Amino acid sequence: MHYSRNSVRYSCNIADARAITDKSHCRSFPVLPALQAALITAFLVLLMSGPVFPAAPEKDAALNVLSLENAVAVAIEGNPGLAEMQARAEAMATIPSQAGTLPDPMVSLGALNFPTDTFDRDQEPMTQLQIGIEQSLPFPGKLGLKERAAEFDADAAASNVDETRLRLIHTVKQTWWQIFYLDRALESVSRNQDLLRQFVKIAQTKYKVGEGLQQDGLLAQVELSKLFDRQIKLQGLRRQQVARLNALLDRKVNTTIVLPEQVEEDLAGIMPEPQLFARAEASRPLLEQRRQEVEAARTRHDFARRDRYPDFKLGAAYGFRDGDNPDGSSRADFATIRLGMSLPLYAGRKQDKAVEQRTSELLQKKYALQDESGKVQAEIASALADFQRASEQVQLFKTGIIPQARQSVASMLSGYQVNKVDFLNLVQAQITLYDYETQYWKSFSEANQALARLTAAVGEEVINE
């Protein structure tokens with residue numbers, strides 16, 4: 001076997017097992033045993049193999065892989081919370097026509113003026129059987145105001161469905177990206193476990209040939225145990241997030257979820273903050289819901305003012321009589337028409353107080369709209385700041401820190417094999433690289449989660465520059 005050290009070529013015979021522990025077989029000053037060199041070579045291959053930033057595939061490798069788009073589609077189709085709001089909105093949509101329709105007329109049947117001694121229909125001239133109908137008639141304009149208020153309520157309920165859908169999509173995306181990050185962190189843990197196992201072998205080999213310390217192998221074992229501890233914690237967090245995502249998808253919480261191993265890693269730019277504010281004012285369902293609630297409150301206020309005017313009742317009846325008049329002619333039937341109206345005698349304690357109530361409710365809805373608008377702008381500003389911060393971190397880790405850290409580990413490994421680098425520094429460099437790789441995926445996940453928050457806050461998906 002030949003390998004170079006400081007640009008000098010060395011040769012070692014490894015035909016027998018003594019070459020592993022006996023340095024006399026090498027035809028120069030002591031060098032690393034062949035097994036150690038092979039382990040270091042394998043380590044370097046493992047360290048440099050497998051891209052840290054894989055390219056995005058064109059499509060999922062298997063049908064059971066849950067892509068982000070599929071997760072959102074399944075949630076929208078089957079989430080019970082969204083279905084509940086949809087059913088409520090459909091129920092609210094049936095109210096306007098009910099509120100704008102006249103009350104059902106009343107039909108009456110009566111027996112009038114029957115003599116109690118005989119109950120004979122033709123004994124008394126006023127005895128009659130009567131049939132009548134009566135219709136309540138609200139003051140003109142009241143029904144229209146009731147119907148309009150109900151229409152605004154129905155529109156608000158429909159906007160609430162859209163808002164619930166946005167929140168659901170945001171929650172699904174956030175949970176999906178959290179699971180994606182945990183998957184990448186677990187992959188990194190597994191990869192670093194393999195590297196540390198190589199460290200252990202290298203340290204043990206150096207110790208056997210008298211070029212290393214026993215504590216080096218023990219140190220690598222401790223760091224390997226720490227990685228196992230991190231792996232247990234990450235697996236527990238993943239199970240929690242999987243249960244949450246399954247609940248959002250209306251599936252059993254223990255259903256297995258497999259995410260794509262690779263995604264598109266380019267983070268597009270976002271339009272300026274003032275433009276996002278303007279988009280939100282026009283597109284956010286929550287703000288539209290609050291505006292509809294303001295209009296409903298204003299309509300009810302108008303109704304309360306008109307409720308000072310009286311309502312009417314119009315009725316008609318027909319009475320059937322039997323018997324004859326004194327002159328021998330048959331008794332004529334009776335026809336009756338009635339018109340009634342309500343008298344607002346207690347307007348000071350009833351109608352006027354209703355106007356005051358509706359005035360306060362209208363102010364409350366206006367203030368709620370203003371408050372919600374401010375909260376939406378704060379959501380946008382916060383999500384945009386988080387996205388910009390995470391995007392900058394992703395770029396920094398991807399193009400600067402991680403490549404430099406990988407080069408540092410490779411350089412330290414080369415230095416360690418010639419006893420120029422302490423083993424502790426080598427292990428710490430590898431652990432630092434692991435931390436940077438994990439932070440990269442964490443920042444990448446946070447950037448996408450912030451993007452999900454931003455689209456939910458604005459109310460539309462297209463927010464790129």
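Me: Buried means under 20% relative accessible area, exposed over 50%, and partly exposed in between (1.4 Å probe, protein chains only). Is Arg238 buried or exposed?

Reply: Arg238 is buried, and its relative accessible area is 18%. The model is predicted: local features need pLDDT of at least 70 and side-chain atom pairs 80 or more, while totals for chains, interfaces and linings use all residues. Residues are numbered from 1 along each chain as its sequence is written, and side-chain values use heavy atoms, without hydrogens or water.

Me: Where is Arg238, and which residues does Arg238 contact?

Reply: Arg238 sits in helix α6. Helices (H or I, at least four residues) and strands (E, at least two) are DSSP runs, numbered from the N terminus. Contact means heavy atoms within 4.5 Å. With neighbours within four places in sequence set aside, Arg238 contacts Ile179, Leu182, Asp183, Leu186 and Ile257.

Me: How many helices and strands does the protein chain have?

Reply: The protein chain has 10 helices and six strands. Its length is 465 residues, and 40% of them count as buried. Now take its contacts with a separation of 6 or more: residues 24 or more positions apart account for 80% of these.

Me: How do I read the length of a helix?

Reply: Compare its span with the expected one, which is 1.5 Å times one less than its number of residues. Helix α3 runs over residues 80-93, 14 residues in total. Its first and last C-alpha atoms are 20 Å apart, close to the expected 20 Å. Gly459 follows α10 and has a positive phi, near 100°.

Me: Which residues of α3 are buried?

Reply: The buried ones are Leu82, Met85, Ala89 and Met92. They lie on the same side of α3, because they cover an arc of only 85° around the axis. That arc is taken from the directions from the helix axis to the C-beta atoms.

Me: Now α7. Which of its residues are buried, and which exposed residues are on the face turned away from them?

Reply: In α7, residues 273-283, the buried residues are Leu276, Phe277 and Ala280. Their arc is only 105° around the axis, which puts them on the same side of α7. Turned away from that buried side is a face with the exposed residues Pro274 and Ala282.

Me: Why look for groups of buried nonpolar residues?

Reply: In soluble globular proteins, nonpolar side chains tend to be buried together. A nonpolar core is a set of buried Ala, Val, Leu, Ile, Met, Phe, Trp, Tyr and Cys residues joined through side-chain atoms within 4.5 Å. Here the largest core has 55 residues. Leu66, Val172, Trp176, Phe180, Phe199 and Leu245 have the most contacts inside it. The elements giving two or more residues to this core are α2 (68-78), α3, α5 (142-208), α6 (214-248), α9 (351-417) and α10 (423-458). The most comes from α5, with 19 residues. A second, separate core has 17 residues, among them Met271, Phe387, Ala447 and Ala450.

Me: Let me try the loops. Which loop holds Asn113, and which holds Phe119?

Reply: Asn113 lies in the loop between β3 (106-112) and β4 (128-137). Phe119 is in the loop between β3 and β4 as well. Check phi in each. Asn113 has a positive phi near 60°, in a residue other than glycine. Phi of Phe119 is positive too, near 50°, again in a residue other than glycine. Asn113 is partly exposed at 43% relative accessible area, and Phe119 counts as exposed at 54% relative accessibility.

Me: Where does Asp104 lie?

Reply: Asp104 is in the loop between α4 (95-99) and β3. Its relative accessibility is 67%, which counts as exposed. Asp104 and Gln135 are 31 residues apart along the chain, with 7.2 Å between their C-alpha atoms.
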